[in-house]
Every structure is written in structure tokens, then in C-alpha cells.
Amino acid sequence: MRLVTLAGPPACGKTSVLLRTCAALREAGVSCAVLKFDCLLTRDAEAYAAAGIPATAALAGGLCPDHFFATNLEEAFAWAQGTGAECCVIETAGLCNRCSPHLRGALALCVVDNLMGIDAPEKIGPMLRLADLVLVTKGDLVSQAEREVYRHRIRQMNNRAVIRHVNGLTGQGCRELAAVLSRAPQVETVTDMRLRFAMPAAVCSYCLSETRIGSRYQKGNVKKVKFGGPGAGQTEVVDGD
Amino acid sequence: MATDALTLARLTVARGRDKSGRPEAGDVDFAPGQVTALLGPTGSGKSRFLADIESLADDDTPSGRRILLDGALPDPDRRFELQGRLVAQLTQNMNFVLDLGVERFITMHAESRQAADPAAVARQIIAAANALAGEPFAPDAQLTQLSGGQSRALMIADAALLSWSPVLLIDEIENAGVDKARALDLLVKSDKIVVIATHDPVLALSAHRRLIFEHGAVRTVRERSAAEKRLLTQLTEQEAEFSRLRERLRRGEDVDS
Ligand SMILES: Nc1nc2c(ncn2[C@@H]2O[C@H](COP(=O)(O)OP(=O)(O)OP(=O)(O)O)[C@@H](O)[C@H]2O)c(=O)[nH]1
Ligand SMILES: Nc1ncnc2c1ncn2[C@@H]1O[C@H](COP(=O)(O)OP(=O)(O)OP(=O)(O)O)[C@@H](O)[C@H]1O
Ligand SMILES: [Mg+2]
Ligand SMILES: [Mg+2]
Ligand SMILES: [Zn+2]
């Protein structure tokens, strides 16, 4: 089965683009299955199902959806294989911007929209930096000048990726994107595949449901900030013990 | 990786069909530095024609047109690459969304285009935009605070002078609140393929040629004649007189003398 990870901030247009791309793939005789990893709520699975695309969603609840994704990837892959699909796409809305679902040996897509502000490409982190293909949506809502500056910013963060403009509303570019997906790497099994980016360690007492404030309750991976350090507006981070 | 700038010597809209499926009159070629006006009654397909160019149509829109670049149909990879880049479009529903000052933003744009002196380029563009806008804006004004007309003026100046796109499409500039004669002047000098849908006679005659639309298709192509160019001069004078009068009325002056 061909394997694709599709990551991007919430509401940037991932589902809109993928719906149209899957439709184009189907016309070309390639069937898709889609998995959505999200935090609290998603209607994406219904949207895909309504378009006749086998889909399922998994909610991470209090966990990072990307960590949750890594933990459940074997099961997810097995589900997609069970649908008989030729191409499996995994959509995640990485919330912390520090994680990335991208795998070595699978096609890695990142979607960003033109409305997120000029510093967004820098803030988005590894899901953009380590993508093979960056898709920019919502160009219809901004000026050409903004599109150009934004694209330049993306290029500065990832000089290896192919950058393409697509439109989730009109479907512009989705037929061509479908051709790219139909050439995504074939993967036999996900067992022993590697993530492209080590997920940040985030196990502290608050990860384990601590609610009380105070140093004495803080254990594990704790970082303490020294506020008002040298240089105006600078703060120093020191590792706690 | 190729550079972001693009060159194009010729764009061809290969003929499609009208709303009843009858074939269009013929193919239309567009060359850099040439301004083409699209005319025709409401609903006759001018905006559709612009959208066909913008999307690099490949028999996948209601009109069945195809866009050829330098005489050839771009292959799917090339088409994907050019999507959103070959064509700068100015429509009424476009706005600046970035939370930045005008000068800072245009300087940033100039830097991304590797201009030798980005600050100077930014000053030039802001001056050009202010020459088009009714009420000038300060270089440190926020992009999102510009009026509709000021935004459009800045978009036109930037697209004409700094954008990488060799094709510029404009839908009904006459309603954009900018000085259309000056805007046209700027565009003609920009060496881009410029296509303008319009209902305005001055704009129509300012263009080098006009495509006349009917029932969703191009019916005729008319080059501007020498007599029409003279008529344009006359019309422009009348318009200037008209705006002088409007200005005096706005200032509360006597106009009965
Ligand atoms: N104007 C415009 N709107 C778009 C475009 N692409 C998506 N949208 C709109 O953006 C909104 C969010 O789109 P989705 O496809 O649900 O975004 P998503 O990234 O899948 O969202 P989550 O899965 O919830 O993170 C919808 O209202 C879309 O119609 C685009 O290219 N242009
Ligand atoms: N060749 C065609 N085949 C099918 N439908 C078409 C064709 N040309 C235009 N249309 C459709 O006709 C409608 C009106 O066209 P369009 O909006 O382009 O008109 P217009 O000339 O821009 O009008 P206005 O002057 O009011 O802006 C649109 O829905 C458009 O998609
Ligand atoms: Mg979604
Ligand atoms: Mg129109
Ligand atoms: Zn995370």
C-alpha cells in the first residue's frame, strides 16, 4: 500500500484538498483510505465517508495527536489494508507545532494556508521543515504580494521541499496532486519504520494529571525559566532537576 | 530548483465553446506589454475567461478552453508548478490579511525578489500606489487598515513593479476606487500580459485591443484604431473635466459660473 502523511495546523484546508484529490485519484482508478488523528473532535471521517472514501478517525483526548498517531500506526495501517485501498493517507492536525507525523520512507505532505501570518512557517516546525511537499491553500483570499512573500518564508524553512499552491474550494491543483500521490512509496509494513523527527519529550507530572501548582509537585522532564535575564525581553531556560 | 521568477513570451487561450456548446470564434494570443480589455454584457463570460487563464484551464472548466504557454500545453507537472504563480489576479474580494506595516511588507517582498536596494524599491512602489489612490497613505500604515481603494492601488503597483508573475488579470478596476488612467499607464509600462474585464469606455479604449463577449464566448477581437485613440484623448479630457467639477462640488465651491 502507498503511504502518505498529511499534516498541517487546524482548519488550514487539509480535508478540503484531500477530498478533491481522492476524487481525482478515483477517476484515475486509484482507491484511497483516510485516517484522521485529532485531539478532541473531528467530523472529517464523516466528510470522507460521505464522499465514498473509507475513513476512520481517532481522538487523542488529552494526548498529543502526533504521539498518539505513532503509538497506533501499526493498527492504523492494518485497518487501511483491510479496506483494500491502494493508497493510505493519514491526516493529522499537529497541535503543538513541535511534533510531526512524517515517516522516513513515506510521502510527507504539509498543508499551510495563506492566512496564518508571516511568521507561521517558522512557528510550524518539523511538520513543515521535514515535508517533501508543502501545499499552500487559500491563495484566493490574499494579494499576490502576500502569496509571494509567504512562499519565500516557506522556502527559507524548507529548501528541499516542493512548494505548490492549491485551492481547497475550487480544487485547483488537486488533479496534479493526485498524480503525485499515485506515485507515493509502496510500504509493506510500518513496523520498524522511523519517524523523521523525534517527538519532544513531554513527560512531566502535569502529563500524569497533576493539577496543583508549585515546584514541589513537579517531577520528571521539567524546565525552569529565568525571567528577565540578560537582554531586554530575553528569558533564559534552565533545566530543572 | 528554478528561480521563482517566470518568463513567458506568449500565452494562448485555445478556443472553447459558448454556453450552448457551439465552438468559440478562435484562439486568442497574448503578448507581454499588451493590454487587452474584455467587453460584453453582464453574464457574457468575461470573468469566466479570466478564471480560465488563472486556473490554466485544460478543458476542465465549463467553457472547455485550454491555456497554452509559448505555444504548448503545459504538462501536468509544469501546470502544478505554475498554479498560483504564473498569474497575479486582482479581484474585488481580495484583501491584505497580514498584520504588518506597508513599508515593512513591501521591503520584505523586494528582499524576497532579491532586489539590489529593497528599501528604495519599496519607496517607489508606495509612491506609485499613492499616485493611484484617492487619499494617500503613510508608509507606516498597517496593511489591514488601508481602505479598499488604497489596498487595490497598492496591489496594482506591487503587481506591476515587483511581482514575479508575467500575467496580470484585473476584474472591473473601475469600481476599485483607483485612478484608472494612471493605473493603466503603470500597467502598460510593466511589460506584463495584462487582461482587464471592464464596462468602462475609457478603459476599453485605453487597451491595445478588445475582446467582445457574447453568450459565454469571444465573438470578435478588435484592435484599437488611430481614430479610436484620438477619441480616447477626447474622452479622457471630458473625464478630467468631470472630475474637476466633482472636486469643486466636494469642496463646496460655486460651479454656476
Ligand atoms: N477560501 C478558501 N477556503 C478554503 C480553502 N481550502 C479550505 N478552505 C476552507 O477552510 C475551512 C477549513 O477547511 P478543512 O479542509 O476542514 O481544514 P482541515 O485542515 O482539514 O481542518 P482540521 O482537520 O479540522 O484541522 C473550510 O471552511 C474550507 O472551506 C481555499 O483554498 N480557499
Ligand atoms: N463558455 C461558457 N460555458 C458555460 N458557462 C459559461 C461560459 N462562459 C461563462 N459561463 C458562466 O456564465 C456565468 C456568467 O459569466 P461571467 O460571470 O463570466 O460573466 P461576466 O461577463 O463577468 O459578467 P459581469 O459583467 O456581470 O461581471 C458564470 O456562471 C460562468 O461560469
Ligand atoms: Mg480535516
Ligand atoms: Mg464579471
Ligand atoms: Zn506534540
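This is a predicted model: local features need pLDDT of at least 70, side-chain atom pairs count only at pLDDT 80 or more; totals for chains, interfaces and linings use all residues.
Asp44(A) belongs to helix α2 (residues 44-50) of chain A, whereas Glu91(A) belongs to strand β4 (residues 87-92) of chain A, so the pair ties together parts that are 47 residues apart in sequence.

## Helix α4 of chain B

What span should helix α4 (residues 118-132) of chain B have? At 1.5 Å a residue, its 15 residues should span 21 Å; the end C-alpha atoms are 21 Å apart, which agrees with that expectation.

Several residues of α4(B) are buried, among them Val121(B), Ile125(B), Ile126(B) and Leu132(B). The cover over the buried residues of this helix includes α3 (102-112), α5 (148-161) and α6 (180-189) of chain B.

## Domains of chain B

The domain assignment divides chain B into domain 1 (8-86 + 166-224), domain 2 (99-164) and domain 3 (226-257). Domain 1 of chain B contributes 14 residues to its contact with domain 2 of chain B, which contributes 15 residues. The centres of these two domains, taken over C-alpha atoms, are 25 Å apart.

Between them, domain 1 and domain 2 of chain B bury about 1,100 Å², with 68% of that area on carbon and sulfur atoms. The count of salt bridges between domain 1 and domain 2 of chain B is zero.

Terms used. Residues are numbered from 1 along each chain as its sequence is written. Chains are lettered from A and ligands numbered from 1 in the order in which they are written. Side-chain values use heavy atoms; hydrogens and water are left out. Helices (H or I, at least four residues) and strands (E, at least two) are DSSP runs, numbered from the N terminus. The expected span of a helix is 1.5 Å times one less than its number of residues. Buried means under 20% relative accessible area, exposed over 50%, partly exposed in between (1.4 Å probe, protein chains only). Contact means heavy atoms within 4.5 Å. Domain bounds come from an automatic or database domain assignment. Buried area is the accessible area (1.4 Å probe) that two parts lose on being put together, summed over both. A salt bridge is a side-chain nitrogen of Lys or Arg within 4 Å of a carboxyl oxygen of Asp or Glu.
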